[in-house]
Amino acid sequence: MTAVIDVRDAHVVHKARGAGLFTRARVHALTGADFSVAAGETVGVVGESGCGKSTLAKVLVGIQRPVPGTVAFRGRELWAMPGAERRATVGTGIVRRMSDRVITMYLGRIVEETPADRVTDAARHPYTRALFSATPGLLDPLDPIPLTGPVPSATRPPSGCPFRTRCWKADAVCAGSMPDFSAASRPGHRYRCHHPVEEDRPTRDLARQSLLQEP
Ligand code: SF4
């Protein structure tokens with residue numbers, strides 16, 4: 001499928017609110033975002049408050065310039081267009097489109113892209129599974145996966161995987177490096193995790209793992 005919009009290695013860093021003139025506190029609102037949206041797709045973005053959803057949306061509709069990073073609309077670089085064209089033609093065009101993919105964000109990073117029909121039961125990233133475990137379903141009772149541990153600051157993200165301070169599967173490998181994307185078995189599904197949830201592992205097992213802090 002031809003990409004309508006293509007985002008490559010997009011970063012947005014803001015000065016932290018309350019930071020003084022000479023302080024270096026920075027909020028890493030978006031880090032290394034890489035994805036594309038095809039014609040006719042709708043993309044849902046999930047994550048807790050402050051995870052970068054709004055920043056990503058602003059980047060997509062051309063009101064926040066990523067630095068560094070590129071955003072192309074139908075093959076044309078958004079930020080090379082005249083302002084009026086970028087805001088009208090393009091911003092409006094993008095937000096009308098709908099998607100069947102879910103993007104999970106954590107601390108300014110895209111950590112998983114999942115086909116929407118798989119996200120509740122077959123997402124591979126522990127954070128995606130935890131988010132959707134607390135979402136009421138029509139047929140299944142809730143099996144919320146409890147997340148404990150400190151929520152890291154966006155001004156000083158932890159080394160390695162940013163979710164490691166709250167993840168029940170975290171170990172020294174997770175502290176050492178941010179995992180690259182891996183492809184799941186289904187096309188269009190990819191995730192960044194050193195110890196992904198087994199495909200189709202029931203959520204109630206994960207809730208138990210988390211409570212017992214099992215890997
Ligand atoms: S990389 Fe490690 S800390 Fe991060 S989500 Fe995966 S298991 Fe958890």
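Trainee: In E2, what is the bridge partner of Ile 5?

Mentor: Val 37 is the partner of Ile 5. Keep in mind that this is a predicted model.

Trainee: Okay, and how many bridges join E1 to E2?

Mentor: Nine bridges link E2 to strand E1, which covers residues 3–15, and the two run antiparallel.

Trainee: What order do the strands have in that open sheet?

Mentor: The sheet has four strands in the order E2-E1-E4-E5, with antiparallel pairing. Strand E2 (26–38) and strand E5 (76–77) are the edge strands, each pairing on one side only.

Trainee: Switching to helices: which residues of H1 are buried?

Mentor: In helix H1, residues 53–60, the buried ones are Thr 55, Leu 56, Val 59 and Leu 60. They sit on the same side of H1, because they cover an arc of only 140° around the axis.

Trainee: And what follows H1?

Mentor: Gly 62 comes after H1, and its phi is positive, near 80°.

Trainee: Now the core. Which residues have the most contacts inside the largest nonpolar one?

Mentor: Leu 30, Val 59, Met 105, Tyr 106 and Val 111, in a core of 44 residues. Elements giving two or more residues to this core include E1, H1, strand E6 (101–106) and helix H4 (126–133).

Trainee: Which element gives the most?

Mentor: That's E2, with five residues.

Trainee: Back to Met 105: what is it in contact with, leaving aside neighbours within four places in sequence?

Mentor: Met 105 is in contact with Val 45, Gly 47, Cys 51, Gly 52, Lys 53, Leu 56, Ile 110 and Val 111. Leu 56 is also one of the buried residues of H1.

Methods: Residues numbered from 1 in each chain as written. Predicted model: local features only at pLDDT ≥ 70, side-chain atom pairs only at ≥ 80, totals over all residues. Pairing = 2+ DSSP bridges. Buried ≥ 20, exposed ≤ 12 C-beta atoms within 10 Å, placed from the backbone. Arc of directions from axis to C-beta. Core = buried A, V, L, I, M, F, W, Y, C linked by C-beta atoms within 7 Å. Contact = placed C-beta atoms within 7 Å.
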